[in-house]
Amino acid sequence: MTGRTHDAAAITFLGAALIIYPIPSVTLATALIAILANQIGGITPDIDQPTAPFWKNLPAESFIGRIVDKLLGGHRFLTHSIIGAAAICWLAHWLLVFLHPIMPNVNISLVWWAFVIGIGSHLIMDTFTKEGVPWLLPLPVKIGLPPIKEFRITTGKAIESFIIFPGLIVLDIYLIARHYDAVLLFAHTHLLS
Ligand SMILES: [Zn+2]
(Lines give C-alpha, C1' and ligand atoms only; values in the text may rest on other atoms or scores of the structure.)
Protein backbone atom coordinates (compact mmCIF):
# COMPACT_ATOMS: atom_id res chain seq x y z
CA MET A 1 0.00 0.00 0.00
CA THR A 2 1.13 3.56 -0.58
CA GLY A 3 1.99 6.01 2.20
CA ARG A 4 -1.21 8.02 1.84
CA THR A 5 -3.38 4.89 2.09
CA HIS A 6 -1.51 3.90 5.25
CA ASP A 7 -2.02 7.42 6.67
CA ALA A 8 -5.75 7.26 5.94
CA ALA A 9 -5.99 3.74 7.38
CA ALA A 10 -4.12 4.71 10.57
CA ILE A 11 -6.50 7.59 11.33
CA THR A 12 -9.53 5.41 10.49
CA PHE A 13 -8.37 2.68 12.89
CA LEU A 14 -7.71 5.35 15.55
CA GLY A 15 -11.23 6.73 15.09
CA ALA A 16 -12.71 3.23 15.33
CA ALA A 17 -10.70 2.54 18.50
CA LEU A 18 -12.03 5.76 20.07
CA ILE A 19 -15.59 4.71 19.27
CA ILE A 20 -15.05 1.28 20.86
CA TYR A 21 -13.05 2.60 23.84
CA PRO A 22 -14.13 6.23 24.38
CA ILE A 23 -11.66 8.21 26.47
CA PRO A 24 -13.09 10.65 29.03
CA SER A 25 -10.87 13.66 28.53
CA VAL A 26 -7.53 14.55 26.98
CA THR A 27 -5.54 17.75 26.71
CA LEU A 28 -5.27 19.38 23.29
CA ALA A 29 -1.50 18.67 23.36
CA THR A 30 -2.19 14.96 23.92
CA ALA A 31 -4.73 14.88 21.07
CA LEU A 32 -2.38 16.57 18.58
CA ILE A 33 0.68 14.50 19.51
CA ALA A 34 -1.41 11.32 19.51
CA ILE A 35 -2.58 12.02 15.95
CA LEU A 36 1.01 12.71 14.89
CA ALA A 37 2.21 9.49 16.58
CA ASN A 38 -0.62 7.57 14.90
CA GLN A 39 0.43 8.86 11.47
CA ILE A 40 4.10 8.07 12.10
CA GLY A 41 3.13 4.59 13.32
CA GLY A 42 1.09 4.11 10.15
CA ILE A 43 4.15 4.41 7.89
CA THR A 44 6.92 3.15 10.22
CA PRO A 45 6.97 -0.49 9.00
CA ASP A 46 7.93 0.79 5.54
CA ILE A 47 11.28 2.18 6.76
CA ASP A 48 12.57 -1.10 5.32
CA GLN A 49 11.92 0.31 1.84
CA PRO A 50 14.78 2.38 0.35
CA THR A 51 12.22 4.49 -1.53
CA ALA A 52 10.11 5.21 1.58
CA PRO A 53 9.11 8.90 1.98
CA PHE A 54 10.81 8.76 5.37
CA TRP A 55 14.24 8.25 3.74
CA LYS A 56 13.63 10.62 0.85
CA ASN A 57 13.46 13.47 3.35
CA LEU A 58 16.96 12.77 4.63
CA PRO A 59 19.99 14.38 2.96
CA ALA A 60 21.70 11.13 1.98
CA GLU A 61 18.33 9.94 0.72
CA SER A 62 17.98 6.36 -0.31
CA PHE A 63 21.62 5.50 0.48
CA ILE A 64 20.73 5.27 4.18
CA GLY A 65 17.49 3.62 3.16
CA ARG A 66 19.37 0.90 1.30
CA ILE A 67 21.59 0.20 4.34
CA VAL A 68 18.57 0.00 6.65
CA ASP A 69 16.88 -2.17 4.05
CA LYS A 70 19.75 -4.68 4.25
CA LEU A 71 19.88 -4.54 8.07
CA LEU A 72 16.16 -5.23 8.39
CA GLY A 73 16.26 -8.08 5.89
CA GLY A 74 14.63 -6.34 2.90
CA HIS A 75 11.12 -5.06 2.30
CA ARG A 76 8.21 -6.68 4.10
CA PHE A 77 10.40 -8.59 6.52
CA LEU A 78 11.21 -7.81 10.16
CA THR A 79 9.24 -4.55 10.48
CA HIS A 80 6.17 -6.33 9.05
CA SER A 81 6.07 -9.04 11.73
CA ILE A 82 4.63 -9.23 15.25
CA ILE A 83 8.13 -9.54 16.74
CA GLY A 84 9.47 -6.55 14.77
CA ALA A 85 6.39 -4.39 15.45
CA ALA A 86 6.60 -5.23 19.16
CA ALA A 87 10.27 -4.19 19.20
CA ILE A 88 9.44 -0.89 17.47
CA CYS A 89 6.59 -0.24 19.94
CA TRP A 90 8.93 -0.97 22.84
CA LEU A 91 11.45 1.55 21.45
CA ALA A 92 8.66 4.11 20.93
CA HIS A 93 7.57 3.65 24.56
CA TRP A 94 11.12 4.15 25.74
CA LEU A 95 11.40 7.32 23.64
CA LEU A 96 8.10 8.69 24.99
CA VAL A 97 9.15 8.07 28.60
CA PHE A 98 12.44 9.83 27.80
CA LEU A 99 10.60 12.82 26.25
CA HIS A 100 7.87 13.08 28.92
CA PRO A 101 9.74 15.62 31.12
CA ILE A 102 9.66 18.18 28.28
CA MET A 103 5.94 17.62 27.60
CA PRO A 104 4.45 16.99 31.08
CA ASN A 105 0.84 17.77 30.08
CA VAL A 106 0.85 15.04 27.43
CA ASN A 107 -0.62 11.65 28.32
CA ILE A 108 2.16 9.46 26.90
CA SER A 109 0.16 6.28 27.40
CA LEU A 110 -2.54 7.52 24.99
CA VAL A 111 0.11 8.77 22.54
CA TRP A 112 1.75 5.34 22.66
CA TRP A 113 -1.53 3.56 21.99
CA ALA A 114 -2.18 5.86 19.01
CA PHE A 115 1.26 4.84 17.66
CA VAL A 116 0.55 1.13 18.24
CA ILE A 117 -2.80 1.45 16.43
CA GLY A 118 -0.95 3.11 13.51
CA ILE A 119 1.51 0.21 13.23
CA GLY A 120 -1.25 -2.38 13.62
CA SER A 121 -3.29 -0.72 10.85
CA HIS A 122 -0.25 -0.88 8.55
CA LEU A 123 0.24 -4.62 8.96
CA ILE A 124 -3.50 -5.29 8.60
CA MET A 125 -3.74 -3.20 5.40
CA ASP A 126 -0.63 -4.82 3.87
CA THR A 127 -2.18 -8.23 4.54
CA PHE A 128 -4.69 -7.46 1.78
CA THR A 129 -1.95 -6.94 -0.82
CA LYS A 130 -0.48 -9.54 -3.18
CA GLU A 131 2.83 -9.79 -1.27
CA GLY A 132 1.20 -10.66 2.06
CA VAL A 133 2.81 -10.04 5.46
CA PRO A 134 5.26 -12.28 7.42
CA TRP A 135 3.26 -11.82 10.66
CA LEU A 136 4.77 -14.87 12.36
CA LEU A 137 8.49 -14.38 11.77
CA PRO A 138 10.81 -16.23 12.37
CA LEU A 139 8.31 -18.60 10.72
CA PRO A 140 8.95 -17.78 7.04
CA VAL A 141 5.28 -17.66 6.00
CA LYS A 142 3.68 -14.65 4.35
CA ILE A 143 0.03 -14.37 5.29
CA GLY A 144 -2.48 -12.65 3.03
CA LEU A 145 -6.21 -12.11 2.81
CA PRO A 146 -8.10 -13.41 0.98
CA PRO A 147 -5.96 -16.56 0.87
CA ILE A 148 -6.08 -16.66 -2.94
CA LYS A 149 -3.38 -14.25 -4.10
CA GLU A 150 -5.13 -13.23 -7.33
CA PHE A 151 -7.98 -11.65 -5.33
CA ARG A 152 -5.64 -9.41 -3.35
CA ILE A 153 -4.69 -5.79 -4.03
CA THR A 154 -1.65 -4.64 -6.00
CA THR A 155 0.07 -1.68 -4.29
CA GLY A 156 -0.42 1.66 -6.06
CA LYS A 157 -2.77 0.25 -8.70
CA ALA A 158 -6.35 1.29 -9.55
CA ILE A 159 -8.17 -0.61 -6.78
CA GLU A 160 -6.03 1.02 -4.10
CA SER A 161 -6.13 4.50 -5.69
CA PHE A 162 -9.81 4.57 -6.66
CA ILE A 163 -11.52 2.29 -4.15
CA ILE A 164 -9.46 1.67 -0.98
CA PHE A 165 -8.10 5.20 -0.43
CA PRO A 166 -11.35 7.10 -1.23
CA GLY A 167 -13.25 4.39 0.69
CA LEU A 168 -11.23 5.11 3.84
CA ILE A 169 -11.86 8.86 3.48
CA VAL A 170 -15.61 8.27 3.05
CA LEU A 171 -15.56 5.95 6.08
CA ASP A 172 -13.82 8.69 8.13
CA ILE A 173 -16.44 11.24 7.10
CA TYR A 174 -19.21 8.77 7.96
CA LEU A 175 -17.68 8.05 11.40
CA ILE A 176 -17.38 11.78 12.15
CA ALA A 177 -20.97 12.42 11.03
CA ARG A 178 -22.24 9.43 13.02
CA HIS A 179 -20.43 10.56 16.19
CA TYR A 180 -20.73 14.27 15.58
CA ASP A 181 -21.94 14.97 19.15
CA ALA A 182 -18.76 13.48 20.61
CA VAL A 183 -16.62 15.45 18.12
CA LEU A 184 -18.46 18.69 19.05
CA LEU A 185 -18.12 17.96 22.76
CA PHE A 186 -14.39 17.42 22.33
CA ALA A 187 -14.06 20.65 20.30
CA HIS A 188 -16.00 22.62 22.93
CA THR A 189 -14.09 21.20 25.85
CA HIS A 190 -10.60 21.42 24.41
CA LEU A 191 -10.55 23.86 21.51
CA LEU A 192 -13.17 26.48 22.16
CA SER A 193 -12.97 26.96 25.92
ZN1 LIG B 1 4.28 -2.02 4.41
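**Exercise 1. How do the axes of helix 5 and helix 6 cross in this predicted model?**

Solution. Start with the two stretches: helix 5 covers residues 82–99 and helix 6 covers residues 108–127. Helices here are DSSP runs (H or I, at least four residues), numbered from the N terminus. Their axes come within 10 Å and cross at roughly 155°. Axes are lines fitted to C-alpha atoms over the stretch in contact, and angles run from 0 to 180 degrees between N-to-C directions. Angles over 145 count as roughly antiparallel, so helix 5 is roughly antiparallel to helix 6.

Now list the contact (C-beta atoms, placed from the backbone, within 7 Å). Helix 5 brings residues including Ala85, Ile88 and His93. Helix 6 brings, among them, Val111, Trp112 and Phe115.

The model is predicted: local features need pLDDT of at least 70, side-chain atom pairs count only at pLDDT 80 or more, and totals for chains, interfaces and linings use all residues. Residues are numbered from 1 along each chain as its sequence is written.

**Exercise 2. Which residues does arginine 76 touch, not counting residues up to four places away in sequence?**

Solution. Arginine 76 touches Glu131, Val133 and Pro134. Then check aspartate 48, 28 residues apart from arginine 76 along the chain. Their C-alpha atoms are separated by 7.2 Å.

Notes: Parallel < 35°, antiparallel > 145°, perpendicular 65-115°, else oblique. Contact = placed C-beta atoms within 7 Å.
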